[in-house]
Amino acid sequence: MKADDLLFISLGGAAAGIARRIAGNVRRDPSQPPMRLLVLDTDDAVLQTVTNPHIEGVSVTIFGTQRLDGKGTGGDHVFGMSAFRDDAQTLLQQIGSPRLAIVLTCCGGGTSGACEPLLRLLNERGIANIVFATEPLPFEGDDRKHCASVVVPTIMANANAATVVPLATLLKDGPEGLTAAQSFEYAADRLSAGVSLLWTLLVHPGYLQFDVEHLRQLLEREGSLTLPFTFSDASAVGETRAAEVVTAITDSSRFKLRGINCLANARTAIVGVLAGEDLRLSELNVLMNGLRGLFHKQTEILLGTVNHASFNGKLEVVVFAFTQSGTEMLSSEDALQPVGRKRSSRQARAKGLTAVKDRFDDVERTIIDGVNYDEPTYLRRNIRLKR
Ligand SMILES: Nc1nc2c(ncn2[C@@H]2O[C@H](COP(=O)(O)OP(=O)(O)OP(=O)(O)O)[C@@H](O)[C@H]2O)c(=O)[nH]1
Ligand SMILES: [Mg+2]
């Protein structure tokens with residue numbers, strides 16, 4: 001893999017801070033190239049904090065200065081979108097032509113409105129993309145909630161693969177009694193782990209490498225459809241570390257979404273195993289057999305390993321579970337399994353379909369440019385799903 005095959009792009013103020021931290025921590029090996037991070041924002045003050053002190057591989061670009069004079073959008077996603085369009089050509093030069101872009105944005109602020117034109121630009125240029133987006137915490141207020149409710153569907157309609165994680169979900173498995181600031185911090189840590197481990201998996205060679213081209217293959221199979229995914233990480237040390245990781249992944253609330261078990265319903269999963277030279281074959285067996293049992297028998301599991309001295313003594317595992325594109329949630333009849341107690345497949349299907357059908361009741365409809373984004377993509381685009 002060439003160093004410029006992979007680019008990490010952050011969009012907006014909160015994403016800039018999280019991405020900077022990732023870039024500062026992710027480099028395991030000085031002999032490997034640094035993470036290439038492009039920080040995009042309309043707010044000059046945010047970009048100043050990112051560049052000082054300088055981290056190798058990190059560059060910043062301001063956009064929309066004509067419209068916003070180097071300030072934030074004030075929570076207006078239309079400003080975010082328009083500001084990006086104003087400077088699209090310059091931004092394209094900054095992005096260059098990587099094979100894959102990992103995009104991070106925190107929805108709720110206006111700059112995330114730029115995600116849609118960014119993704120369109122990447123798609124036009126044949127740059128595969130995978131998006132990590134967050135949704136605001138419940139206490140943040142209706143304007144941020146509304147802004148996210150408009151931006152999220154545009155991400156789900158334009159990315160090659162995307163996860164939209166409510167910040168509250170990232171806090172579920174965390175310690176209780178956190179202050180508001182600590183909550184943001186903890187959520188940022190969990191998000192950082194997902195992005196950092198994906199990056200490490202893609203760039204570091206291991207016994208079984210899962211590199212940028214492997215991920216591109218997975219994304220390209222879907223054509224223009226967006227592949228939704230959920231992810232979680234777990235780590236453990238000591239004799240029983242493999243079994244402990246399996247338990248942590250099994251219990252992770254991140255794979256239990258609106259009553260649906262995302263692992264049991266995954267069509268494809270990437271399992272990244274990051275360990276030192278001390279990783280034993282027997283541990284890999286325990287790990288993979290344990291994880292295999294969490295998925296449906298038809299789930300395709302792709303394994304990538306990283307072996308690096310910096311992981312010695314420790315086992316870190318990250319699981320990305322991809323569901324069916326176009327539906328946001330799997331609707332495949334025989335794969336659908338609710339969380340917890342086993343139900344008959346008919347009961348399970350009824351529950352799953354109800355979850356999909358009722359999801360947009362009691363909320364404002366999302367109509368953009370005359371397109372009803374509340375309707376599943378496969379219906380909008382008249383795509384027949386194999387059931
Ligand atoms: N994890 C984490 N999330 C944050 C933090 N600050 C804000 N957020 C989240 O990020 C969302 C977007 O906020 P910002 O990134 O500041 O907004 P922006 O995209 O820069 O947009 P504007 O400033 O409105 O132009 C908020 O609604 C919060 O949910 C933080 O310090 N940590
Ligand atoms: Mg901002």
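This is a predicted model: local features need pLDDT of at least 70, side-chain atom pairs count only at pLDDT 80 or more; totals for chains, interfaces and linings use all residues.

Pro 98 is placed in the loop that runs between helix H5 (88-95) and strand S4 (100-106). Once its neighbours within four places in sequence are set aside, Pro 98 is in contact with Asp 4, Asp 5, Leu 6, Leu 7 and Ile 127.

Val 165 belongs to strand S6 (residues 161-166). Is Val 165 buried or exposed? Val 165 is buried, since 21 C-beta neighbours are found inside 10 Å. Apart from neighbours within four places in sequence, the residues in contact with Val 165 are Thr 134, Glu 135, Leu 170 and Leu 191. Val 165 and Arg 254, in turn, are 89 residues apart in sequence and 8.6 Å apart in space, C-alpha to C-alpha.

These two residues may be set against the figures for the protein. Of its 387 residues, 44% count as buried. The protein has 14 helices and 14 strands.

The packing of helices comes next. Two packed helices are described by the distance between their axes and by the angle between those axes. For helix H6 (residues 115-124) and helix H7 (residues 142-158), the axes come within 9 Å and cross at roughly 10°. Angles under 35 degrees count as roughly parallel, and H6 and H7 are therefore roughly parallel to each other. On the H6 side the contact involves Cys 115, Glu 116, Leu 119, Arg 120 and Asn 123, which meet Val 151, Thr 154, Ile 155 and Asn 158 of H7. Sorted by class, the contact of H6 with H7 comprises 4 nonpolar, 3 polar and 2 charged residues.

Helix H6 also packs with helix H4 (residues 77-86); their axes come within 7 Å and cross at roughly 40°. Here Met 81, Phe 84 and Arg 85 of H4 make the contact with Glu 116, Pro 117 and Leu 118 of H6. This contact of H4 with H6 contains 4 nonpolar and 2 charged residues, and no polar ones.

Attention now turns to the ligand. Which residues are closest to ligand 1? Ligand 1 is surrounded by 24 residues, and the closest are Gly 12, Gly 13, Cys 106, Gly 108 and Gly 109. Helix H1 (13-25) and helix H9 (180-203) are the elements that give two or more residues to this shell. The largest share, 4 residues, comes from H1. By class, the shell around ligand 1 holds 9 nonpolar, 13 polar and 2 charged residues.

The average pLDDT of the protein is 86, and 84% of the residues score at least 70. Over residues 327-338 the pLDDT stays under 50, and the model has 43 contacts beyond four places in sequence for this stretch. Residues 340-363 likewise have a pLDDT below 50, with 24 contacts in the model beyond near neighbours in sequence.

Conventions: Residues are numbered from 1 along each chain as its sequence is written. Chains are lettered from A and ligands numbered from 1 in the order in which they are written. A residue is near a molecule or strand if its C-beta atom, placed from the backbone, lies within 6 Å of it. Ala, Val, Leu, Ile, Met, Phe, Trp, Tyr, Cys and Pro count as nonpolar, Asp, Glu, Lys and Arg as charged, and the others, Gly among them, as polar. Axes are lines fitted to C-alpha atoms, for helices over the stretch in contact, and angles run from 0 to 180 degrees between N-to-C directions. Angles under 35 degrees count as roughly parallel, over 145 as roughly antiparallel, 65 to 115 as roughly perpendicular and the rest as oblique. Two residues are in contact if their C-beta atoms, placed from the backbone, lie within 7 Å. pLDDT is the predictor's confidence in each residue, from 0 to 100. A residue is buried if 20 or more other C-beta atoms lie within 10 Å of its own, exposed if 12 or fewer, and partly exposed in between; C-beta atoms are placed from the backbone.
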